[in-house]
Amino acid sequence: MRILFICLGNICRSPLAETILNAKLAAAGLHAEVDSAGLIAYHAGEQADPRMRAHAARRGYNITHRARQITQTDFFRFDLIIGMDADNQRALQQLAPAQTAHKIRTAVSYCDKFRHADAVPDPYYGGDAGFEYAIDLLEDACDGIIATLQH
């Protein structure tokens with residue numbers, strides 16, 4: 001299984017999701033190829049936002065990913081392409097070759113504890129609470145992905 005997480009710039013939500021899922025896969029004794037990318041190349045080559053890295057570290061996650069932009073090849077290479085919000089979903093649907101559009105999902109579609117959530121909001125312009133909420137949502141979503149893989 002190959003899973004790609006997507007957000008706008010690949011410096012907050014998607015590298016966090018990649019890191020959380022890799023940790024949860026290891027803890028469950030499962031293997032999948034996990035990566036993340038952004039819809040834009042503005043931050044290509046950069047580390048994740050330092051605020052996100054700090055909040056993640058407090059929960060035991062070490063984000064090492066360097067930002068990159070999604071490519072057309074990614075739509076064929078990955079089995080699941082998971083966007084963080086409705087804008088990501090729309091952009092992915094527009095970019096996806098028709099035969100790959102079925103691979104696109106939302107992160108919150110895997111949530112159990114946060115079933116009410118309609119997106120993983122971008123914490124970039126917010127405060128600490130936004131980063132913590134993104135982690136809460138993505139831990140829940142990654143638990144759901146693990147459960148899906150186990151069945």
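What radius of gyration would a compact globule with 151 residues have, and what value does the protein have?

**Figure 1. Overall dimensions of the predicted model.** A compact globule with 151 residues would have a radius of gyration near 15 Å, and the 14 Å of the protein agrees with this. Along the principal axes, the C-alpha atoms fill a box of roughly 40 × 35 × 30 Å. The accessible surface comes to about 7300 Å², and carbon and sulfur atoms account for 51% of this area. Of the 151 residues, 50% count as buried.

Figure 2. The protein contains five helices and four strands.

**Figure 3. Charges of the protein.** The protein carries 15 positive and 18 negative charges. The mean position of the positive charges and that of the negative charges are 3 Å apart.

**Figure 4. Helix α1 and the elements that cover its buried residues.** Helix α1 spans residues 13–28 and has 16 residues. From its first C-alpha to its last, α1 reaches 22 Å, close to the 22 Å expected at 1.5 Å a residue. Which residues of α1 are buried? They are Arg-13, Ser-14, Pro-15, Leu-16, Ala-17, Glu-18, Thr-19, Ile-20, Leu-21, Lys-24 and Leu-25. An α-helix has 3.6 residues a turn, so residues three or four places apart point the same way. The cover over the buried residues of α1 includes the strands β1 (2–7) and β2 (33–38). It also includes the helices α2 (50–58), α4 (86–95) and α5 (128–150).

**Figure 5. The residue that follows helix α1.** After α1 comes Gly-29. The phi angle of Gly-29 is positive, near 70°.

**Figure 6. Pro-97 in the loop between α4 and β4.** Pro-97 belongs to the loop that lies between α4 and β4 (104–106). Is Pro-97 buried or exposed? Pro-97 counts as buried because its relative accessibility is 15%, and buried means under 20%. Leaving aside neighbours within four places in sequence, Pro-97 is in contact with Gln-72, Phe-75 and Phe-76. Pro-97 and Gln-72 are 25 residues apart in sequence, while their C-alpha atoms are 7.9 Å apart in space.

Terms used. Residues numbered from 1 in each chain as written. Predicted model: local features only at pLDDT ≥ 70, side-chain atom pairs only at ≥ 80, totals over all residues. Heavy atoms only, no water. Helix = DSSP H or I, 4+ residues; strand = E, 2+ residues; numbered from the N terminus. Rg over C-alpha atoms; globule rule 2.2 N^0.38 Å. Buried < 20%, exposed > 50% of the residue type's maximum accessible area, 1.4 Å probe, protein only. Areas by Shrake-Rupley, 256 points an atom, 1.4 Å probe, with all protein chains shown as cover. Lys, Arg positive; Asp, Glu negative; His and termini not counted. Charge placed at Lys NZ, Arg CZ, Asp CG, Glu CD. Expected span 1.5 Å × (residues − 1). Contact = heavy atoms within 4.5 Å.
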